[in-house]
Amino acid sequence: MAVVEDIVIAGAGLAGLATALGLHRKGVRSLVLESSPTLRASGFAFTTWTNAFRALDALGVGDKIREHHLLYERMVTFSAATGEAAAKVSLKMQGKSGPHEIRCVKRDFLLQTLENELPKGTIRYSSKIVAIEEEGHVTVLHLADGSTMKTKVLIGCDGVNSVVAKWLGLPKPILSGRSATRGLAEYPAGHGLGPEILQFIGQGFRSGVLPCSDTSVYWNYTWYPSPADGDAEESVAKMRSFVLAKLRAAKIPAAALGVIERSEMSEVVSSPLRFRSPLALVRGSISRGGVCVAGDALHPMTPELGQGGCAALEDGVVLARCLGDAFAAGDGGHEGVAAALGRYAEARRWRSVQLITAAYVVGFIQQSNNVVVKFLRDTFLSPLLAKTLVAMADYDCGPL
């Protein structure tokens, strides 16, 4: 006999755990199905902007994250063509709803913090959904181990290759033509870097060096792959050498190069950057009946804004609020759930479109080798692009 659940969340990433915790705070139980045997923390760390901390505060874990991560005071953008600082933007400024707050948060620390706030048994590991069927007002899930499960509500937080998004009819994410690699360096005695984001743009690449704490530093590098890259993607060592050669040629400061030289890198040496077409979200179904998507299953985007993980946390709060309020009002039947998910979808549709579009445009300008774009970027666009990143973070998803 198939197991029946009220709410099943596919994926124990940022969106999945944020949604589960938000529902828990609202007194609503959910079950999270995670395909891997443990929490996955691919990506090492991510930039956590003001909007993300507003979501984390709504979930009740903001201060636990703040205690272990540096607060940035400014962002410095360097031209890869000259090695000179092209823009310096103070991050100690007021937004629409209070002061800005930007940190680089270790992904595994945040996921573990969210999991620790959930009741035991909320996450079921090694549980991969391979097929979905409708059975009246119930959704039937077929798992990789051959078992089936029924649920009134299915929330797809299952990433870029989402099974739930495919079932809803959303098209596959589009390849941007760019790839990314990243790493994390540990300095037990302290790294000596200031509380600032260092960003290097131009010459066909974009790179960032971001201290997470006094003893750890995250870095990333995105570029347009080409046959000239040779065997860079064959191993971690070759990818590291490739990145260092590119950055040395761009006259990047020695301290930033040192971070990459000593860092730990993923065995998956690089990943293609993909994004959901904004038009697909304008015309497509984010929710249908008792099924919806969130996080990268909804809005995969390129990383230039640093908003992918932040938006996933926003999704979790908004989704938990919509569903939690419906259940609290005794409206947890099919029609009430469908209406609640419809409200969530409309709240997140245009925010997702805005973020995906802005990220793509910023990335194109930052990495372009076009003579005109390079001139405009290096002459006066760099400060504007930096301020765009801050402006996109001036958003409040609201309370639970």
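Student: Which residues does Cys212 touch, not counting residues up to four places away in sequence?

Tutor: This is a predicted model, in which local features need pLDDT of at least 70 and side-chain atom pairs count only at pLDDT 80 or more, while totals for chains, interfaces and linings use all residues. Residues are numbered from 1 along each chain as its sequence is written, and side-chain values use heavy atoms, with hydrogens and water left out. Contact means heavy atoms within 4.5 Å. With residues up to four places away in sequence not counted, Cys212 touches Ala45, His68, His69, Leu70, Tyr72, Cys104, Lys106, Leu184, Val217 and Tyr218.

Student: Is Cys212 buried or exposed?

Tutor: Cys212 is found in the loop between β15 (205-211) and β16 (216-223); strands are DSSP runs of E, at least two residues, and helices are runs of H or I, at least four residues, both numbered from the N terminus. Buried means under 20% relative accessible area, exposed over 50%, and partly exposed in between, with a 1.4 Å probe and protein chains only. Because its relative accessibility is 0%, Cys212 counts as buried.

Student: How far apart in space are Cys212 and Lys106, C-alpha to C-alpha?

Tutor: Lys106 is one of the residues that Cys212 touches. The two are 106 residues apart in sequence. In space, C-alpha to C-alpha, the separation of Cys212 and Lys106 is 6.9 Å.

Student: Why is α1 described as roughly parallel to α4?

Tutor: Angles run from 0 to 180 degrees between N-to-C directions, and axes are lines fitted to C-alpha atoms, for helices over the stretch in contact. Angles under 35 degrees count as roughly parallel, over 145 as roughly antiparallel, 65 to 115 as roughly perpendicular and the rest as oblique. Helix α1 and helix α4 (residues 107-116) pack with their axes 9 Å apart, at an angle of about 25 degrees. Therefore α1 is roughly parallel to α4.

Student: At what angle do the axes of α9 and α10 cross?

Tutor: Helix α9 spans residues 308-328 and helix α10 residues 334-367. Their axes come within 9 Å and cross at an angle which means that α9 is roughly antiparallel to α10. The value is roughly 160 degrees.
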